[in-house]
Amino acid sequence: MEQKQGGKNDDTPLCPPHLGFIGGLCFLCGAKEEDAEGGTPRVAVGQGVEGSDSSDDDARCVEAKTEGCAPGVSVGHRMKVEEGDDDALFPLDPEFALAELYYQCGLPGKMMEEEDAEGSASGVTVANIDGGLVRPALAAAMSIASASDMATLMRERKLILVLDLDSTLVNSARLCDFSAQEKRNGFTRYTGDKPHMDLFRLKYSNKARKLTKLRPFVRGFLEQASSMFEMHVYTLAKRAYAKAVIDLLDPNGVYFGGRVVSRKDSTRRDMKSLDVIPGADPVAVVILDDTDVWPAHQDNLILMDRYHYFASTCRKFRYDIPSLAEQGRDEREQDNSLAVVLNVLRRIHQDFFDGDQADVREVIREVRRQVLPECTIAFSYLDDCMEDFPENTLMWTLAERLGAVCRKDVDETVTHVVAEDPGTQKAQWARDHGKFLVNPEWIKASGFRWCRVDEQGFPVTAGPCELNIVSLQLADDLCWKNH
């Protein structure tokens, strides 16, 4: 294919000026470097690696630009091997995907070439979609299986479900991270597979080894959800770890079929976005995650309560509670978080298709508003701005999203007072008038369970409040009765 330079009647990028060269040819228009005007920057693609060779899948980009080069042209940078799965490092938004180079690290990647009349590839064609340059998000998505188009989804009566892995579907711990109580309960660095407990030892690189616990009901959840959703995995863990976990959950590729986004595919540090999933239209996407890392897709998000099987997860998220492994027990399959959310997903799916809805976000909003529709909540002093600007606080916003009416002051319409200190005037008013007095975790638990949970499990005491896992399970009985 003949490449043009400076065309005005087509979509070919205008050169000169040439932004950079690979193999002696401009990566935009294909012009030879020796024919170009002076002063054109070269494209840097070298990298150094600290602690690993360049083929190590655990290597991550930590710099995406070099001084003296035009913005978006240089991809020269150093590499660093990370030891943990949680401290993701990402590039500083490089502008272009260059030929055979991943935009993140300059390592060889899959190039989308255009062939000329004789069938030979030019070798310098920038990957493009619809004739345009591939931006970072789309460049990452080149190696990710696309979502089905809307027509196919609607014909099959399916929506898209994006699932997190860690603390949502599974919980993993390094073999050196077991607590003293967990060790007393039999967890050691030598613990092997225990299929009857859904406990598996993962080895996904030369050094990385973890013990992974599948969340109760996860297999039933995936099987039933797959009839309503085209499912994708999006994790900020490493690719090798994600693959090892998915091999446990979906060994035959029935549920995910290669639709997996891992750390290297993401384009923002510690954040997730649908821009890396080709074809994922937000109007048809439901997101299931245990962490609010979706700033651009809040209305698609269903937030899960975390699966705290191992003590290392409790420590990581600063939960001062014993892990399930320390307690020698596990979640109940019939009413744990996955079972609860599956019922919510069924309702969202039914309301979307049977209600002839055009945007699943509106369906999620409406289903969420029906959690606390008959509650009027007054807040006692929870933080510095609660008294002056309560409507700007997280608890107030969450309560309203769940369908409650919020009040700054108490009156006869108030049904609940939310407080942390039992000695406040509003707390005393609630006791005097026979109103429910609960701590803030009651609102969070209702949000996680998608129902009004039993207020008795969330008393206001003098000590700090923690999300009471036992109370959540005991409160399920009332939750199911209400449904």
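**Strand pairing and nonpolar cores**

Arg201 stands opposite Leu211 in β11. The model is predicted: local features need pLDDT of at least 70, side-chain atom pairs count only at pLDDT 80 or more, and totals for chains, interfaces and linings use all residues. Residues are numbered from 1 along each chain as its sequence is written, and side-chain values use heavy atoms, without hydrogens and water.

Strands are DSSP runs (E, at least two residues), as are helices (H or I, at least four), numbered from the N terminus. Strand β11 covers residues 209-214 and pairs with β10 in the antiparallel sense over five bridges. Pairing requires at least two DSSP bridges between two strands. The open sheet has three strands in the order β9-β11-β10, with antiparallel pairing. Its edge strands, β9 (170-174) and β10 (199-203), each pair on one side only. The twist averages 30° from one strand to the next, with axes fitted to C-alpha atoms (for helices over the stretch in contact) and angles from 0 to 180 degrees between N-to-C directions.

A nonpolar core is a set of buried Ala, Val, Leu, Ile, Met, Phe, Trp, Tyr and Cys residues joined through side-chain atoms within 4.5 Å. Buried means under 20% relative accessible area, exposed over 50%, partly exposed in between (1.4 Å probe, protein chains only). The largest such core has 69 residues, and Leu161 and Phe221 have the most contacts inside it. Helix α8 (residues 337-354) gives the most, with nine residues. Domain 1 (150-363) and domain 2 (371-476) both contribute, so this core lies between them. Domain bounds come from an automatic or database assignment. A second, separate core of 17 residues includes Val162, Tyr234, Val276 and Trp294.
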